[in-house]
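Colleague: I am new to this protein chain. Could you show it to me and then take some questions?

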Amino acid sequence: MNRFKSLFLPIIRYGLCPLLTVLWLCFIFGNSLQSGTESSEQSGKVHTIVNEVAQSVGIEKPISEKTVRNSAHFIEFAALSLLICADLLCFGILTRNGRKRSLLLALLSIPICTLLAMIDETIQRFSAGRSCQWSDVLLDTAGAALAVLCFLGVYLAVCKLRKCLSAKKAIPSK
């Protein structure tokens, strides 16, 4: 087991986390490279599936395609920001010891995602039948910000739990 840890954990830590982030970014940019027709077809399929699922759980009012598209923007960049936070953890930039520094570094993923959202919208500007919507950049940033806040909440809760558990171990039982 020790050999496995020494051989494969660094590969997972320094290779898998950034690879997942790059693949997700390629997925986002790949969607932006689609023409307007391709994008509408894809959104239409997802829209149909979302409405079928909504009806199966008892939601009768149809969900608009615009809501589905906006939700996709929000979710794509929420996931991207979580992947960036995971990268920061994997590379040891976020640490338990320097909690304040870790919080600030995790918050850096928001402007990084905003910059990537601006690049994403710029790519769409040059795709046939697509346009650059700066409101989508705001939506993408909101998704990233909410995900980072959730990440920080979980991160702080885990740190507090670890501290409590280590304090209980330090107290000798009578």
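Predicted model: local features only at pLDDT ≥ 70, side-chain atom pairs only at ≥ 80, totals over all residues.

Colleague: How many helices and strands does the protein chain have?

Modeller: Helices (H or I, at least four residues) and strands (E, at least two) are DSSP runs, numbered from the N terminus. From that end the elements run α-α-α-α-α-α. The count is six helices and zero strands.

Colleague: What percentage of the residues of the protein chain count as buried?

Modeller: Buried means under 20% relative accessible area, exposed over 50%, and partly exposed in between (1.4 Å probe, protein chains only). Of the 174 residues of the protein chain, the buried part is 31%.

Colleague: What is the volume of the largest pocket?

Modeller: On a 1 Å grid over the protein atoms alone, a pocket is an open set of points where a 1.4 Å probe fits, with protein on both sides within 12 Å along at least five of seven lines; lining residues have an atom within 4 Å of a point. Grid points are joined across faces, edges and corners, and a volume is the space filled by probe spheres set on the points. For the largest pocket this comes to about 650 Å³. Its lining has 28 residues, and the closest to the centre are S39, S43, R69, A72 and H73.

Colleague: Which helix gives the most to the lining of the largest pocket?

Modeller: At least two lining residues come from each of α1 (2-33), α2 (36-56), α3 (65-90) and α5 (109-125). With nine residues, the one that gives the most is α3.

Colleague: How do the residues of that lining divide into nonpolar, polar and charged?

Modeller: Ala, Val, Leu, Ile, Met, Phe, Trp, Tyr, Cys and Pro count as nonpolar, Asp, Glu, Lys and Arg as charged, and the others, Gly among them, as polar. The lining divides into seven nonpolar, six charged and 15 polar.

Colleague: Is L16 buried or partly exposed?

Modeller: L16 has its place in helix α1. Its relative accessible area is 38%, so L16 is partly exposed.

Colleague: How far apart in space are S109 and I84, C-alpha to C-alpha?

Modeller: S109 lies in helix α5. It counts as buried because its relative accessibility is 1%. S109 and I84 are 25 residues apart in sequence, and their C-alpha atoms are separated by 6.2 Å.

Colleague: What separates the C-alpha atoms of P10 and C90?

Modeller: P10 belongs to helix α1. At 34% relative accessibility, P10 is partly exposed. P10 and C90 are 80 residues apart along the chain, and their C-alpha atoms are separated by 9.3 Å.

Colleague: How far apart in space are L89 and C17?

Modeller: L89 is in helix α3, and its relative accessibility of 33% makes it partly exposed. L89 and C17 are 72 residues apart in sequence, while the distance from C-alpha to C-alpha is 9.4 Å.

Terms used: Residues numbered from 1 in each chain as written. Heavy atoms only, no water.
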